[in-house]
Amino acid sequence: MKLRISFWSIFLHFLVVMCFHGSGAREMAKEDNVPEGVNVLQLHSMDGKDENKHVHDTGHMHVHGHGHGHSSSHMDPSAAILFTMKDLTPGKTLPIYFPRKGVPPLMQSKEEADSIPFSSAHLQNLLDFFSFSPGSPKAKAVEFTLGACELKHRKGETKFCATSKESMIDFVSYMFRQDSQYFRAYSTSYLTKSTTLLQNYTILEVSKEIAAPNMVGCHIMPYPYAIYYCHAHGRENKVFEVSLQGENRDRVDAVSVCHLDTSDWEHDNVSFRMLGIEHGDPVCHFFPIGDLIWVPTPRPTLD
């Protein structure tokens with residue numbers, strides 16, 4: 001398994017600042033009625049504080065302003081997942097970064113996952129279990145993922161790290177309990193093979209628009225087996241399926257999310273500076289390949 005720690009450290013931190021509503025986590029109290037066995041944490045609301053501002057302060061690069069002829073070779077990759085609602089039109093060209101994660105590892109069964117400790121308190125035991133040398137890239141990946149799943153919180157958004165498919169489904173079901181007992185996942189996929197990570201893509205079609213007042217985003221983490229960092233958005237959102245074509249003819253069916261109400265985000269949030277928009281304006285971003293967006297769906301009808 002290839003683990004690109006430098007990218008993941010930056011990219012996940014950027015997502016924490018931009019769409020996880022800041023950093024930090026806590027275990028939810030028992031009175032929150034979380035299902036037993038679901039390791040649930042909470043992130044505070046989107047009000048990134050000063051300690052996060054240095055991560056990607058690239059307000060000079062307005063992603064939505066780039067045209068067909070713009071070279072994307074010198075761009076900050078993390079900024080090239082952002083766009084605005086007005087950009088979401090056929091014919092629009094955007095620089096987009098789709099990180100390559102290789103073939104995602106399989107998720108463990110709940111029984112297997114529960115038999116392996118998932119805690120930084122057991123880091124050395126885990127490194128021994130996986131036969132990883134301390135200080136190696138793979139060891140740093142394990143330490144990074146455990147740390148990301150144990151971030152300290154203030155208050156706000158609910159998140160957890162799924163170590164098995166069952167725990168992910170349990171969490172998604174719990175988060176949608178007021179909306180529907182039915183839900184489905186969307187993900188970005190390549191239609192052609194490509195080795196280009198960052199390039200200009202033209203929007204061919206916005207094939208689907210899904211209103212998602214509640215949604216759960218799950219991001220694959222670097223780990224010996226599949227770990228998903230999931231977080232729930234309870235504010236007004238829309239999910240879009242977008243057909244893209246790259247300047248080197250790559251084809252991607254991409255999933256994107258637009259957070260329609262950003263009025264509770266800090267005025268100097270990094271997303272506003274990157275996009276050159278006002279506080280409160282919608283902020284949109286593409287989901288990388290391998291990540292999942294869960295949305296509630298109506299009860300299926302029988303034909």
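Predicted model: local features only at pLDDT ≥ 70, side-chain atom pairs only at ≥ 80, totals over all residues.
Residues are numbered from 1 along each chain as its sequence is written, and side-chain values use heavy atoms, with hydrogens and water left out.

The protein chain holds six helices and 13 strands, where helices (H or I, at least four residues) and strands (E, at least two) are DSSP runs numbered from the N terminus. Of its 303 residues, 52% count as buried, a term that stands for under 20% relative accessible area, with exposed meaning over 50% and partly exposed lying in between (1.4 Å probe, protein chains only). Among contacts between residues at least 6 apart in sequence, 74% join residues at least 24 apart, a contact being heavy atoms within 4.5 Å.

Two of the helices, α3 (residues 123-130) and α4 (residues 137-149), have axes that come within 10 Å and cross at roughly 135 degrees; these axes are lines fitted to C-alpha atoms, for helices over the stretch in contact, with angles running from 0 to 180 degrees between N-to-C directions. The helices α3 and α4 are therefore oblique to each other. Where they meet, Leu123, Leu126 and Leu127 of α3 are in contact with Ala139, Val142, Glu143 and Leu146 of α4. The residues of this contact divide into six nonpolar, no polar and one charged, under a scheme in which Ala, Val, Leu, Ile, Met, Phe, Trp, Tyr, Cys and Pro are nonpolar, Asp, Glu, Lys and Arg are charged, and the others, Gly among them, are polar.

The loop between α3 and α4 contains Ser131, which is exposed, with a relative accessible area of 64%. Most residues other than glycine have a negative phi. Ser131, although not a glycine, has a positive phi of about 60 degrees. A positive phi, of about 80 degrees, is also found at Arg249, again not a glycine. Arg249 sits in the loop between β10 and β11 (251-259) and counts as exposed at 59% relative accessibility.

Strand β10 (residues 237-246) includes Ser243, a residue that is buried, with a relative accessible area of 11%. Leaving aside residues up to four places away in sequence, Ser243 touches Thr202, Ile203, Leu204, Glu205, Val252 and Asp253. Thr89 itself lies in the loop between β2 (82-83) and β3 (93-97) and is partly exposed, with a relative accessible area of 36%.

A further buried position is Tyr228, with a relative accessible area of 9%, placed in strand β9 (residues 227-233). Not counting residues up to four places away in sequence, Tyr228 touches Met107, Phe160, Cys161, Ala162, Met168, Cys218, His219, Ile220, Gly290 and Leu292. Phe160, one of these partners, is 68 residues from Tyr228 in sequence and 8.3 Å from Tyr228 in space, C-alpha to C-alpha.

Methods:
Parallel < 35°, antiparallel > 145°, perpendicular 65-115°, else oblique.
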